[in-house]
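Here is a walk through one protein chain.

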Amino acid sequence: MLRHISLLAPLALVAGPALAQTVHVRADLTTGANNGSTWADAFQGEDGLRAALAVATPGTEIWVAGGTYRAEPAAGPGLGFTVTTQSLTLRGGFVGTETSIFERTDPERRPVVLSGDAFGNDDGTAATLGDNALAVLRVLNAGRFTMEYVQVTDSANVGFLAEDSNARVSNCAFAGCLGSGGTVLGVGAFSTSGPGGRFDDCRFEDNGVDGLFFRGSPGTGEQVAIQRCVFRDNGRHGLSIGGDPSSVFQVQNSVFHRNGGSGVVLPLYIEGGTDVDLFQCTIAENDGVGILSTGSCGFCIFIPRCVGCLEWDNGTATSAIKYVGGLVEGSAAAAGFTAADVFEDLASGDLRPAVGSPAIDTDMIVPSAEPLLDVTRGRRTYDDPAVSGFDTDAGAYERTPFIGAYGGCTTTANSTGVPGRIDATGSLAAADNDLALTASDLPPQQFGIFVAGRRLDSAPLAGGSGTLCLGGGIGRFNAPGQILSSGPGGTFSLDVDLTQLPQPSAFVAAQPGETWLFQAWHRDFVPGVGSTNNLTDVVTLRIR
């Protein structure tokens with residue numbers, strides 16, 4: 001068998017197309033040409049991003065190193081950052097040395113903060129926000145705007161304003177604004193032409209009015225507009241959807257918690273109007289109605305649905321909502337249960353289902369544009385052996401023994417007809433050194449190994465039929481006892497020593513704060529094709 005390990009050599013990336021123009025920004029830089037052409041000559045200081053936006057052309061990518069970038073003080077309130085360039089991409093979370101997007105690791109540790117506090121005089125009170133930018137980031141008539149790993153804060157009004165723009169936003173935060181954290185207005189705001197506008201994995205917290213206010217016409221066609229987002233501690237509503245969008249507007253796997261008004265405000269439609277639905281969301285401890293449907297009509301064709309939702313301890317009863325499955329306080333399914341039975345710890349804000357919660361395994365799988373993931377990017381379906389029912393929990397969290405985050409790289413099916421799957425169990429704490437990996441849904445009686453890396457990628461596996469989701473240096477668990485067989489059940493497992501993770505030139509120890517990614521490589525035989533190899537999906541572990 002050992003002679004076949006040479007077949008692992010094709011674990012290599014296939015080069016992709018060249019990037020569009022890339023402009024670099026570093027707040028901490030004081031040397032160089034200050035023209036954005038490279039990291040060494042990046043646009044500098046707190047005004048660096050504004051300079052980058054001024055030279056951007058359609059298709060430009062702006063890479064921003066971690067730091068704070070402020071609204072312009074000289075011109076007074078109202079001038080934050082403005083985007084009018086088509087197809088612009090704004091990426092944060094860089095160190096300031098990367099030559100490829102796949103070299104960016106742990107972007108969450110290097111936040112790019114866009115602050116409306118132009119004068120740097122905020123003391124945490126509303127009084128000092130009055131001279132701040134009225135809108136920190138404005139995107140105006142800019143189709144296909146993409147933003148990731150950016151925090152928007154300290155606005156005298158709205159933090160993020162997108163008007164008549166197709167905005168696709170992920171892994172961003174909107175917090176600490178006197179008005180709403182985000183406002184989306186106009187036609188095409190969530191158009192399905194091109195990539196489709198949406199918010200994924202974002203947080204809207206501690207804003208004076210709404211977390212996110214949407215009013216406009218997203219376009220036509222079914223879509224997921226909001227997925228895996230958290231709306232918490234906003235002064236009025238968590239999410240408010242108004243106007244007359246003319247498409248299916250879906251909100252999935254999101255949390256609405258402790259908002260001053262309603263958790264969600266949805267339009268009550270209407271002859272020929274929009275079908276607005278929530279799928280597997282958690283709505284808890286909001287001061288007003290958990291889900292408020294507004295508007296009136298003589299004959300309502302579409303009434304908002306809440307499918308597989310968990311709704312508990314809100315101020316008043318929900319209005320005009322059609323519930324499908326899920327667990328709602330006051331319903332027959334919830335009779336006799338308290339918050340302590342339902343949630344891990346509602347008082348402390350831990351909204352995961354408790355052990356034995358009536359929310360566990362209550363629902364069928366729901367539609368999704370991506371692999372089924374909960375609000376933490378954990379696996380959405382887990383069949384609790386102690387519960388007889390479906391495989392999916394009500395609400396935004398899935399109670400599961402698996403750790404880590406999934407998704408972000410889609411691989412291909414093996415000869416079983418489905419893609420291989422990797423799961424991680426144990427602890428994310430480096431000090432515990434307790435991690436086990438399991439690969440399943442593999443072809444039987446084939447050998448394979450686990451591989452490890454620090455960067456997410458997505459490229460065809462050279463010489464194979466799978467997708468390599470790891471970039472940069474890739475380490476192979478191929479020491480004695482680590483070359484495994486899938487056996488008759490199509491699965492194999494490995495206990496991982498976090499102090500001895502393989503990399504191309506040495507073994508290294510995982511450190512708190514680092515992100516590590518794992519896949520399983522395996523041999524396969526496809527009738528009509530012959531011997532080949534493939535990879536499972538990928539799990540991402542943020543080490544504590």
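The secondary structure of this chain comes to two helices and 46 strands. The model is predicted. Of the chain's 544 residues, 54% count as buried.

Turn to the interior. In soluble globular proteins, nonpolar side chains tend to be buried together. The largest nonpolar core here has 55 residues. Ile62, Phe160, Phe199 and Leu278 touch the most other members. Take Ile62 and leave aside residues up to four places away in sequence. Its contacts then include Val23, Val25, Leu49, Leu53 and Leu88. Thr89 and Arg91 are also among the residues that Ile62 touches. Another core lies apart from the largest one.

Next, a sheet. Three strands form an open sheet in the order E34-E35-E41, with antiparallel pairing. Its edge strands are E34 (421-426) and E41 (492-496), and each pairs on one side only. Neighbouring strands of the sheet are turned by 20° against each other on average, direction ignored. Six bridges join E34 to E35, which covers residues 435-440. In one of the pairings, Ile422 has Ala439 of E35 as its bridge partner.

Now the cysteines. A search of the whole structure finds two disulfides. One joins Cys306 to Cys309, with 2.2 Å from S to S. The torsion about this S-S bond is about -110°, so the disulfide is left-handed. Cys306 and Cys309 are both buried.

The other disulfide joins Cys409 to Cys469, at 2.0 Å from S to S. This link is also left-handed, with -80° about the S-S bond. The pair ties together distant parts of the chain, 60 residues apart. Cys409 sits in the loop between E33 (405-406) and E34, while Cys469 belongs to strand E38 (residues 467-471). Are these two cysteines buried or exposed? Cys409 has a relative accessible area of 7%, under the 20% cut-off, so Cys409 is buried. Cys469, at 0% relative accessibility, counts as buried too.

Cys281 is in no disulfide. Its nearest cysteine sulfur is that of Cys309, 5.0 Å away. A disulfide requires sulfur atoms within 2.5 Å. Cys281 is buried, with a relative accessible area of 0%. Cys177 is buried as well, with a relative accessible area of 3%.

Methods
Residues numbered from 1 in each chain as written. Predicted model: local features only at pLDDT ≥ 70, side-chain atom pairs only at ≥ 80, totals over all residues. Heavy atoms only, no water. Pairing = 2+ DSSP bridges. Helix = DSSP H or I, 4+ residues; strand = E, 2+ residues; numbered from the N terminus. Axes fitted to C-alpha atoms, helices over the stretch in contact; angles between N-to-C directions. Buried < 20%, exposed > 50% of the residue type's maximum accessible area, 1.4 Å probe, protein only. Core = buried A, V, L, I, M, F, W, Y, C linked by side-chain atoms within 4.5 Å. Contact = heavy atoms within 4.5 Å.
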